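Q: Please take a close look at one part of this model. Keep it brisk.

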Amino acid sequence: MFKNIIFDWSGTLVDDLQLTLDASNYVFSQYGKAPLDREAFRAEFQLPYPDYYARVLPQADLDELEDHFRYAFRVSQAPVSVLPYAREFLEFCKARGVRCFILTSVDAKEFEVQCKELGLFHYFEAIHSGIRHKDAHIHSLLAQHGLHAHETAFIGDMQHDVETAHHAGITSIAVLTGYNDASQLSKVAPDMIVPNLMVLRTLMRRFPLPSDSKDSINIHGLELDTYIGVPDEERAEMQTLKLDLSFYPDETLVGINDDFSRTVCYDSLSKALRAEALRCPRKLVETLAEDLAKICLHDFNAWHVDVTLHKYILPRTDSVSVTLHLTNARQRNL
């Protein structure tokens with residue numbers, strides 16, 4: 001579905017709303033502005049943050065204001081935590097070979113502290129932090145890393161994130177786990193709004209990997225005992241056919257690091273295919289090939305399978321074969 005994903009940080013991958021609120025209220029106190037509660041702050045806060053503070057504290061010098069904010073950010077005891085499903089989604093992207101990047105307005109030093117403490121650094125190819133105006137920076141990010149717009153999505157929780165994606169011509173995905181609610185986000189027309197990253201992961205699993213990321217598990221010359229043939233007398237005698245199979249999982253095989261759960265047990269697959277071949281007599285090799293392919297799709301969760309079945313029946317011929325290509329029905333329907 002996407003080869004590259006750019007992530008916002010606050011409200012998208014981590015919950016730092018209370019920390020940001022504490023720091024903002026400290027800034028307000030330095031300029032005589034009354035503090036805000038959580039919901040009032042969510043309703044009022046906007047990005048780019050220089051525009052927000054210019055609106056609510058027009059008398060403040062931005063550099064001085066940022067010094068106050070960084071100080072309060074450091075001394076606040078409010079915890080920062082990984083949002084539910086965020087780590088699982090990053091693991092999913094890693095398994096599919098999706099390139100991941102960060103684009104955030106969080107101060108670079110503060111971001112580094114948070115990211116290290118939360119153990120998320122290794123998921124990202126590059127970090128772009130401390131960015132005041134994401135929409136002015138997004139084109140540089142794409143160019144620097146060779147990202148094509150039609151292969152790239154930006155996931156964020158605020159209107160400015162959606163507007164940044166629109167500005168760059170990339171897919172905009174809004175999540176409802178952060179600072180802006182659905183009504184606020186709808187006003188800037190994201191391509192997609194999801195309640196959380198688990199829902200987005202479920203949606204992305206319905207799409208095959210990009211065409212140049214089709215890793216496969218291959219079985220060559222698997223012997224299958226079966227009863228097959230159009231004439232009754234041929235079908236009455238057991239025959240041995242041979243199967244060549246290419247099994248395409250819905251996740252890349254790169255970087256699985258000996259995690260058995262992320263691949264296919266070819267011994268179990270082979271036994272299941274042999275059992276299917278013996279399950280009932282068939283007249284046509286084409287029918288058996290389709291039944292074998294469906295075992296791969298339905299029982300072993302392949303997103304696509306190529307099956308070549310060899311039958312040894314014609315004289316002075318190595319074999320007669322049928323090749324069938326079958327994609328999971330969920331892919332065809334989307």
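Which residues lie nearest the centre of the largest pocket, and how many residues line the pocket?

A: This is a predicted model: local features need pLDDT of at least 70, side-chain atom pairs count only at pLDDT 80 or more, and totals for chains, interfaces and linings use all residues. Residues are numbered from 1 along each chain as its sequence is written, and side-chain values use heavy atoms, without hydrogens and water.

Y49, F69, S105, V106 and D107 lie nearest the centre, and 24 residues line the largest pocket. A pocket here is an open set of points on a 1 Å grid over the protein atoms alone, where a 1.4 Å probe fits, with protein on both sides within 12 Å along at least five of seven lines; lining residues have an atom within 4 Å of a point. The space in this pocket is about 420 Å³, counted as the volume filled by probe spheres set on the points, which are joined across faces, edges and corners.

Helices are DSSP runs (H or I, at least four residues), numbered from the N terminus. The most comes from α4, with five residues. By class, the lining has 11 nonpolar, four polar and nine charged residues. Ala, Val, Leu, Ile, Met, Phe, Trp, Tyr, Cys and Pro count as nonpolar, Asp, Glu, Lys and Arg as charged, and the others, Gly among them, as polar.

Note on methods: Helices (H or I, at least four residues) and strands (E, at least two) are DSSP runs, numbered from the N terminus.
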